Amino acid sequence: MAFELPALPFADDALESSKMSAKTFSFHHGKHHAAYVTNLNKLVEGTGLADKSLEEIIKATANDPNKAGIFNNAAQVWNHTFFWNSLKAGGGGQPTGALAEKINADFGSFDKFIEEFKAAATTQFGSGWAWLVLDNGTLKVTKTANAGTPIVDGATPLLTLDVWEHAYYLDFQNARPAYIENFLNQLVNWDFVAANFAAA
């Protein structure tokens, strides 16, 4: 069964007021994400992976250098889909309820979480991702390079930020810190994060 490019969970111009342009989504979703889907379908066609789920493919190929191409494309399809759902118009601010309590308990404060998340996103050299994950019952901030994803290590992703240059260059040029700040202030979909936390 071939994989398909999932639709964005919002109109491509829905985040214009939050400094993520329709032009960015036309390239990032319409070209980059779409290319990963196309490449993955070509790579798994006729193999024993063709009927596996995206998560199964990622876990089966993560540590096999002979299947790096499959892993990279599968993980990027998964990561990008997760990233779109981490965004919403009018997002940002702070979570509430059980998630907020857990962040305060595990990081010491929401401000401390923000500090750690900004550091991870800023210091990820080159391409990659910053994550909030639940790992063995504890919330942690982590980062992965290139197509890396925490599901390989058994952690449960709750939130991600794409720090590949193509994610922000059209809107922020080389100012990654401004992109990170904008994400946290205006775009984080805390409802999605809370749902992931509740389901973990």
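Mentor: Two strands count as paired if DSSP finds at least two bridges between them. Keep in mind that this is a predicted model.

Trainee: How many bridges join β1 to β2?
Mentor: The number is 8, between β1 (residues 128-135) and β2 (residues 138-145), and these strands run antiparallel.

Trainee: What do β1 and β2 form, and how many residues lie between them?
Mentor: They form a hairpin, with 2 residues between the strands. In the turn, N136 has a positive phi of about 55°.

Trainee: How should I read the side chains along a strand?
Mentor: In a regular strand they alternate between the two faces of the sheet.

Trainee: Next, the helices. Which residues of α8 are buried?
Mentor: A residue counts as buried when its relative accessible area is under 20%. In α8 that holds for W190, F192, V193, N196 and F197. Looking down the axis of α8, these buried residues fall within an arc of 160°, so they line one face of the helix.

Trainee: Which exposed residues does the face of α8 turned away from its buried side carry?
Mentor: That face carries D191, A198 and A199.

Trainee: What covers the buried residues of α8?
Mentor: The cover includes helices α3, α4 and α5, together with strands β1 and β3.

Trainee: Which residues are buried in helix α2?
Mentor: In α2 (residues 54-61) they are L54, I57, I58 and T61. Their arc around the axis is only 100°, which puts them on the same side of α2. Among the elements covering the buried residues of α2 are α1 (22-44) and α3.

Trainee: How is a pair of aromatic rings described?
Mentor: By two values, the distance of the centres and the angle of the planes. A search of the whole structure finds 18 aromatic pairs. One of them is formed by F82 and W131, with 6.1 Å from centre to centre and 40° between the planes, which is a tilted arrangement. This pair links distant parts of the chain: F82 belongs to helix α3 and W131 to strand β1, 49 residues apart.

Trainee: Are F82 and W131 buried or exposed?
Mentor: Both are buried. Another pair, F110 with W190, is edge-to-face, with 5.9 Å between the centres and 65° between the planes. F110 sits in helix α5 and W190 in helix α8, so this pair ties together parts that are 80 residues apart in sequence. F110 is buried at 11% relative accessibility, and W190 is buried at 7%.

Trainee: Now the charged side chains. How many salt bridges are there?
Mentor: A salt bridge needs a side-chain nitrogen of Lys or Arg within 4 Å of a carboxyl oxygen of Asp or Glu. By this rule the count is 5. In one of them, the side chains of K88 and D191 meet with N to O at 3.1 Å. K88 is in the loop between α3 (68-85) and α4 (97-107), whereas D191 is in helix α8 (residues 190-199), so the pair links distant parts of the chain, 103 residues apart. K88 is partly exposed at 27% relative accessible area, and D191 is exposed at 53%.

Trainee: Which residue forms a salt bridge with K112?
Mentor: The partner is E115, and the closest N and O atoms are 3.4 Å apart. K112 and E115 are 3 residues apart in helix α5 (residues 110-123), which means about one helical turn separates them. K112 is partly exposed, at 32%.

Trainee: What about E181 and K118?
Mentor: These two also form a salt bridge, with 2.8 Å between the closest N and O atoms. E181 lies in helix α7 (residues 176-187) and K118 in helix α5, so the pair ties together parts 63 residues apart in sequence. Relative accessible area is 33% for E181, which is partly exposed; K118 is partly exposed too, at 26%.

Trainee: One last residue. Where is H166?
Mentor: H166 is in the loop between β3 (156-162) and α6 (169-172). Its side chain makes a polar contact of 3.3 Å with the side chain of H28. Leaving out residues up to four places away in sequence, H166 touches H28, H32, Y36 and H80.

Conventions:
Residues are numbered from 1 along each chain as its sequence is written. This is a predicted model: local features need pLDDT of at least 70, side-chain atom pairs count only at pLDDT 80 or more; totals for chains, interfaces and linings use all residues. Side-chain values use heavy atoms; hydrogens and water are left out. Helices (H or I, at least four residues) and strands (E, at least two) are DSSP runs, numbered from the N terminus. A polar contact is a pair of N or O atoms within 3.5 Å; within protein, one must be able to donate a hydrogen and the other to accept it, and residues adjacent in sequence count only if both atoms are side-chain atoms. Contact means heavy atoms within 4.5 Å. Buried means under 20% relative accessible area, exposed over 50%, partly exposed in between (1.4 Å probe, protein chains only). The arc is that of the directions from the helix axis to the C-beta atoms. Rings of Phe, Tyr and Trp (its six-membered ring) pair if their centres lie within 6.5 Å; planes under 30 degrees apart count as stacked, over 60 as edge-to-face and the rest as tilted.
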